[in-house]
Amino acid sequence: MGARYYGADSENGDRIDDPSEDALFMMISDLNSSDNTFVVVQPDEDAPVWFASVAVLDEGGYEVVRRDTTRNEHEVITSPSISDITRDLTIWMAARHFPEQPTRQINDF
């Protein structure tokens, strides 16, 4: 069936559809500097307009790249904390636009 919104793929071939913050934490925790060096999260579509990636740095920690062409966003940061990375990515991804998802109005609460 595939992901409803986005999928996370690691270099070693692992994939999680619509990963939770905990699932992202586990995928990033499994990264190493030899054969599983990155995770990419992007919409499950042919021409994704945004993506986020997390890669292991040789000197320790992680490099996080977030890019959204519809908002002209491109940010590269480094962090030693998987918890901080997964929390920030989860919040960032929640703000992305998904065409099949209805737009939420302020008074929808």
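Which residues are buried in helix 2? Ile82, Ile85, Thr86, Leu89, Trp92 and Met93 are; buried means under 20% relative accessible area, exposed over 50%, and partly exposed in between (1.4 Å probe, protein chains only). This is a predicted model, in which local features need pLDDT of at least 70, side-chain atom pairs count only at pLDDT 80 or more, and totals for chains, interfaces and linings use all residues. Residues are numbered from 1 along each chain as its sequence is written, and side-chain values use heavy atoms, with hydrogens and water left out.

**View 1. The whole protein has two helices and six strands.** Helices (H or I, at least four residues) and strands (E, at least two) are DSSP runs, numbered from the N terminus. Their order from the N terminus is β-β-α-β-β-β-β-α. Of the 109 residues, 31% are buried. The accessible surface is about 6,900 Å². Carbon and sulfur atoms hold 48% of that surface. Areas come from the Shrake-Rupley method with a 1.4 Å probe; for residues, only the protein chains shown count as cover.

**View 2. Six strands form an open sheet in the order 2-1-3-4-5-6.** The pairing is antiparallel. Two strands pair if DSSP finds at least two bridges between them. Strand 2 (15-17) and strand 6 stand at the edges, each with a single partner strand, so one side of each has no neighbour in the sheet. From one strand to the next, the twist averages 10 degrees. Axes are lines fitted to C-alpha atoms, for helices over the stretch in contact; angles run from 0 to 180 degrees between N-to-C directions.

**View 3. Strand 5 and strand 6 pair over seven bridges.** Their sense is antiparallel. Val64 stands opposite Ile77 in strand 6.

**View 4. Helix 1 packs on the sheet.** Helix 1 touches strand 1, strand 2, strand 3, strand 4 and strand 5. Contact means heavy atoms within 4.5 Å. The direction of helix 1 makes about 15 degrees with that of strand 1.

**View 5. Helix 2 lies across strand 1, strand 3, strand 4, strand 5 and strand 6.** Helix 2 runs at about 5 degrees to strand 5. Cover for its buried residues includes helix 1 (21-29) and strand 4 (50-56).

**View 6. Helix 2 has a buried side, and the face turned away from it carries exposed Ile91 and Ala94.** Ile85 and Leu89 are among the buried residues. Down the helix axis, the buried residues of helix 2 fall within an arc of 130 degrees, so they line one face. The arc is that of the directions from the helix axis to the C-beta atoms.
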